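Okay, thanks for coming, everyone. Let me put the model up on the screen, and then I'll walk you through it.

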Amino acid sequence: MSSPSALSSPQAASLPSNRGRGTAIIVYMLFLGSVLAVVTAPLGVLIAHLKRRNADDWVASHFSFQIRTFWLGVLGGGVFVAAWQLLGLAGLPPMAPWAMGYVYFTVCLIWMVARCGVGIQRLTSNRPIDNPRSLAFGGARISLED
C-alpha cells in the first residue's frame, strides 16, 4: 500500500486530472437505468449539462457525448412516433406498425447501451471520447474480438 507522500512524487504529477469523472460515471449509470425507469435519462442529461463546464477537458468530452446521446434518442423517438402514426393511418394491418415499433425500439436500445458501454470503458481507462459529435460510438472501433 502506498503512502500519501508517494503520491506527491513526479509519477503522480503525470496522472490526468479527473475533475468530473465520478459524475460522468453516474450519468452513464442513469442512462443505463433508463432502460427500466425512463425518468433517469432526463435527470442524467440535466446533470451532464450542469457539470460539463467545470469538468476537465477529457471528461467534458464524455458529458458532450452523453448530452448528444440523449438528444439524438429524443429526436429519433419523435421521428419514429410520427412515422408510426402515419403507418397506422395508412390502413396497414395493425401488426405492421407494432412489429416496426418493436424492431425500432430494440435497435435504439442496443445503440444506447453500446454508447454507454463505450463511454464507460473509455472513462474508466481515463481516455476522452475521440468524437463526441459522432452518431455512432464516438470514434471508437467496436469489435467482438478479445
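So, starting with the charges: the structure holds two salt bridges, where a salt bridge is a side-chain nitrogen of Lys or Arg within 4 Å of a carboxyl oxygen of Asp or Glu. As a reminder, side chains of opposite charge can pair when their charged atoms come close.

Before I go on, the housekeeping. This is a predicted model, so local features need pLDDT of at least 70 and side-chain atom pairs count only at pLDDT 80 or more, while totals for chains, interfaces and linings use all residues. Residues are numbered from 1 along each chain as its sequence is written, and side-chain values use heavy atoms, with hydrogens and water left out.

Back to the pairs. One of the two is Arg-19 with Asp-56, and their closest N and O atoms are 3.0 Å apart. Arg-19 sits in the loop between helix H1 (10-13) and H2, and Asp-56 in the loop between H3 and H4, so this pair ties together parts that are 37 residues apart in sequence. When I say helix, I mean a DSSP run of H or I with at least four residues; strands are runs of E with at least two, and both are numbered from the N terminus.

How covered are the two partners? Asp-56 is buried, with a relative accessible area of 11%, and Arg-19 is partly exposed at 48%. The cut-offs there: buried means under 20% relative accessible area, exposed means over 50%, and partly exposed is in between, with a 1.4 Å probe and protein chains only.

The other bridge joins the side chains of Arg-122 and Asp-130, again listed at 3.0 Å, N to O. Here Arg-122 is buried at 6% relative accessibility, whereas Asp-130 counts as exposed at 53%.

Now the overall fold. Of its 146 residues, 27% are buried.

How big is the largest one? Closest to its centre, among the 22 residues that line it, are Gly-73, Val-74, Phe-105, Cys-108 and Met-112. H3, helix H4 (57-89) and helix H5 (95-124) each give two or more residues to that lining, and H4 has the largest share, with nine. By type, the lining divides into 17 nonpolar residues, five polar and no charged.

For the types, Ala, Val, Leu, Ile, Met, Phe, Trp, Tyr, Cys and Pro count as nonpolar, Asp, Glu, Lys and Arg as charged, and the others, Gly among them, as polar.

A few stops around the chain to finish. Asp-57 is in helix H4 and is exposed, at 71% relative accessibility. Its C-alpha atom is separated by 8.2 Å from that of Pro-128, although Asp-57 and Pro-128 are 71 residues apart along the chain.

Then look at the segment after H5, where you'll find Asn-126. Asn-126 has a phi near 55 degrees, a positive value in a residue other than glycine, and it is partly exposed at 30%. Ala-140 lies in the segment after H5 too, and it counts as partly exposed at 21%. Between the C-alpha atoms of Ala-140 and Arg-115 there are 9.6 Å, with 25 residues separating the two along the chain.

That's my tour, so over to you.

Conventions:
1 Å grid on protein atoms, 1.4 Å probe; cavity = no way out; pocket = protein on both sides within 12 Å on 5 of 7 lines; lining within 4 Å.
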